[in-house]
Amino acid sequence: MNSRDKILEAVKSSQPDQRPLPQLQFESYNTTDAPTAFANVLGTIGGATHFVNSYDEIEEIICAEYTHAKRIITVCSQIKTGEVISSDIDPHSLEDVDLAIIEAHFGVAENAALWVTDALVPERVLPFITQQLAVIVKKEDILFTMHQAYERIGNMDYGFATFIAGPSKTADIEQSLVLGAHGPKTMRVFILLNA
Amino acid sequence: MTNYADKDHASLAEKFNVDEPRVNWHDETLWWVRVKRDKASKSLPEWELLRETASQIKNNVLSNLSEYLIQFEEEATRNGITVHWAADAKEHNEIVHGLLQKHGITRMVKSKSMLTEECHLNEYLQQQGIEVIDTDLGERIVQMRKEPPSHIVLPAIHLKKQDVSDTFHEHLHTEKGNYDPQFLTHAARLHLREKFLTGKLALTGVNFAIAETGEFVVCTNEGNADMGAHLADIHIACMGIEKLLPQRKHLSVFLRLLARSATGQPITTYSSHFKKPRKGQEMHVVLVDNGRSIQLGRKDFRNSLKCIRCAACFNTCPVYRRSGGHSYHTAVAGPIGSILAPNIDMKQYADLPFASTLCGSCSNVCPVKIDIHDQLYKWRQVLMKEGYGSTVKKMGMKGMTFTLSHPGVYHFAGNAGRWVLRNASFIVNNKLNPWYKQRDMPSPPEESFGEWYKKNRK
């Protein structure tokens, strides 16, 4: 018998009697406060939030805040700053990216996580390899809890998807928090009020 | 790698306890992590409902595990992932080595996977001439020092920044005596970036795998799993068979619990869902049993398979905090490791269920409600019955049984003990008494309860 069948047989003979799956019934919270709650949580995990009224305003902030960024990649079509990359680019060629500007499907207020799938980033490594990350999300796309998040995700098809919450970090040396472990050292989220 | 094979928890803990200020630092730091966990859990009014729901989902998983495994294999295969099955550690290691060999690759970047620690994959691959680069910062530090991780979430928690600085000076030629964590982390970032960019094969662990969709989720704060996987031509993800969840929506419960329980963060920085390989990439999942199906058949101990490796039970455990992870001489230390290890080898790990005060704090913080301290107690009974208890414990137990079943002997022993503590404390306050280590014996009461009761009975 091969290992697959051996394991499956051993598991089947050991597993206990059927136990039912529970219902997921959790409080949904009032989402009108979600963008503010999101910004507060993001602040505690090392990120920054800007409430903006237009893409032009985002562009202005980017020009003012990232003056040292040499290579900027833009995935959002409304942002003119930065180069556009195609989906068949070699991911290794992104090693010198200083800033990536991407969009998120939605954000989650309880943990400041943003849902990004490969439909929104042409190359999976982009939001990780870039030195700094900027993410744009619409105000009405800020949910409150992870339960609402997975309701929204539903059967969405993707090859790769991720929740991103703040800049990459580590506290592996004496529990001292350091931002910028392997991924972005900073993260800025633009919440669009009137899109 | 340090050999702990012939050691037991008590003697290894004694070694750790030699440096008292360091033990105090270790104790206080982990307690601080536990406090952060408390704060995070109390910020959610539905915390207890989350724990209960997670526990019930995991009970359902264990009761349908064979069906979920088949479903996962089917869906993952449909997604373009190659699924492998490994009955034990040896087969797991051979599968990974086989893939490296097939592609003629001699170096592998690896993100944190306690399963590969359990299987001793690094040692195995090194013997085959493969270079393994651990990419989690803490794991890279202990790998350079040729030590195993001492904690499943904080692998280098037993080290001080001076140790890390010395290690980096030796291996990465950083400035000697620069202890700044920011500086040291940056040096590691540059060092590992080069490894990511030149890595052809990346191995990651798996936090959760979804039967319904055939995808798997990897959580990190550093982003090392993603850096490795998205730059490599081949991605291998290794998982214990118990990591399955029925449906995608169940992730909402577990992602709310995991990081809050582990470090007090609301979620890890990255919760990455891998469903299909990217264009031109190969993606493999290795499903590993290695004793899990046996544990599933042990009614009293099967609940240990619900564990999501958050390490909350480590951080709260008074024994772990004061004895350090290496004293457990197994890949997963702490209270949960002490109920997992004897399943794999009763003889080698017979000491671990005794490395506990049975205070129950571990069970109280467990996000999936594993009855950890009850299982520690039950393992003690199994181990003594099977003849794996230490001679000292057996003699002690026999002595206690005799004393407790003979009232005359009991009263005499009580009186003698109190007399000794009062008048001749040197008899017990010495090295021969294990209870005297790191503490003084208490002052004895004036009289026993029996004596008091006789006097005061109306």
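**What the terms rest on**

Reply: Of the 195 residues in chain A, 57% are buried. The model is a predicted one. Chain A has five helices and eleven strands, and its C-alpha atoms fill a box of roughly 65 × 45 × 40 Å along the principal axes. Among contacts in chain A between residues at least 6 apart in sequence, 72% join residues at least 24 apart.

Me: Why is His147(A) called buried?

Reply: Buried means under 20% relative accessible area. His147(A) has 11% relative accessibility, so the residue counts as buried. His147(A) is part of helix α5 (residues 146-153) of chain A. Beyond its neighbours within four places in sequence, His147(A) is in contact with Phe26(A), and also with Leu50(B), Ser252(B), Val253(B) and Arg256(B).

Me: How many residues are in contact between chain B and chain A, and what area is buried there?

Reply: Contact means heavy atoms within 4.5 Å. On that basis 97 residues of chain B are in contact with 74 residues of chain A. The size of an interface is often given as the accessible area lost when the parts come together. Between chain B and chain A the buried area is about 7000 Å², and carbon and sulfur atoms give 58% of this. On the chain B side, Arg189(B), Arg248(B) and Tyr270(B) lose the most area to chain A, together 10% of what that side buries.

Me: What makes strand β6 (residues 216-220) of chain B largely enclosed?

Reply: Five of the five residues of β6(B) are buried, so the strand is largely enclosed by the rest of the structure. Both faces are covered: Phe216(B), Val218(B) and Thr220(B) are buried on one side, and Val217(B) and Cys219(B) on the other.

Me: How do you know that β6(B) pairs with β9(B), and in which sense?

Reply: Two strands pair if there are at least two bridges between them. β6(B) and strand β9 (residues 270-274) of chain B have five bridges, and the pairing is antiparallel. Thr220(B) stands opposite Tyr270(B) in this pairing. β6(B) also pairs with strand β5 (residues 208-210) of chain B, in the antiparallel sense over two bridges, which meets the cut-off of at least two. Here Ala209(B) has Phe216(B) as its bridge partner. The hairpin of β5(B) and β6(B) has five residues between the strands, and in it Gly214(B) takes a positive phi near 70°.

Me: Why is helix α11 (residues 224-231) of chain B described as largely enclosed?

Reply: Eight of the eight residues of α11(B) are buried, so the helix is largely enclosed by the rest of the structure. Among them are Asn224(B), Asp226(B), Met227(B) and His230(B).

Me: What makes β1(B) and β3(B) edge strands?

Reply: Six strands of chain B form an open sheet in the order β1-β10-β7-β4-β2-β3, with parallel pairing. The strands β1 (82-86) and β3 (131-134) of chain B each pair on one side only, and are the edge strands. Neighbouring strands of the sheet are turned by 25° against each other on average, direction ignored. Strand β2 (residues 107-110) of chain B pairs with β3(B) in the parallel sense over four bridges, and Val109(B) stands opposite Ile133(B). Helix α5 (residues 89-102) of chain B lies across β1, β2, β4 (201-204), β7 (234-240) and β10 (282-288) of chain B, running at about 140° to β1(B).

Me: How many aromatic pairs are there over all chains, and why is the pair of Tyr320(B) and Tyr328(B) called tilted?

Reply: The whole structure has 15 aromatic pairs over all chains. Rings pair if their centres lie within 6.5 Å, and planes under 30 degrees apart count as stacked, over 60 as edge-to-face and the rest as tilted. The ring centres of Tyr320(B) and Tyr328(B) are 5.9 Å apart and the planes are at 35°, so the pair is tilted. Tyr320(B) is at 0% relative accessibility and counts as buried; Tyr328(B), at 0%, also counts as buried. In chain A, one aromatic cluster is formed by Phe106(A), Trp115(A), Tyr150(A), Tyr158(A) and Phe163(A).

Me: Which ring does the charged end of Lys36(B) sit over?

Reply: The charged end of Lys36(B) sits over the ring of Trp32(B), 4.2 Å from its centre. Lys58(B) lies over the face of Phe254(B), 5.6 Å from the ring centre. The distance cut-off is within 6 Å.

Methods: Residues are numbered from 1 along each chain as its sequence is written. Chains are lettered from A and ligands numbered from 1 in the order in which they are written. This is a predicted model: local features need pLDDT of at least 70, side-chain atom pairs count only at pLDDT 80 or more; totals for chains, interfaces and linings use all residues. Side-chain values use heavy atoms; hydrogens and water are left out. Rings of Phe, Tyr and Trp (its six-membered ring) pair if their centres lie within 6.5 Å; planes under 30 degrees apart count as stacked, over 60 as edge-to-face and the rest as tilted. Buried means under 20% relative accessible area, exposed over 50%, partly exposed in between (1.4 Å probe, protein chains only). A charge sits over a ring if NZ of Lys or CZ of Arg is within 6 Å of the ring centre and within 35 degrees of the ring normal. Axes are lines fitted to C-alpha atoms, for helices over the stretch in contact, and angles run from 0 to 180 degrees between N-to-C directions. Buried area is the accessible area (1.4 Å probe) that two parts lose on being put together, summed over both.
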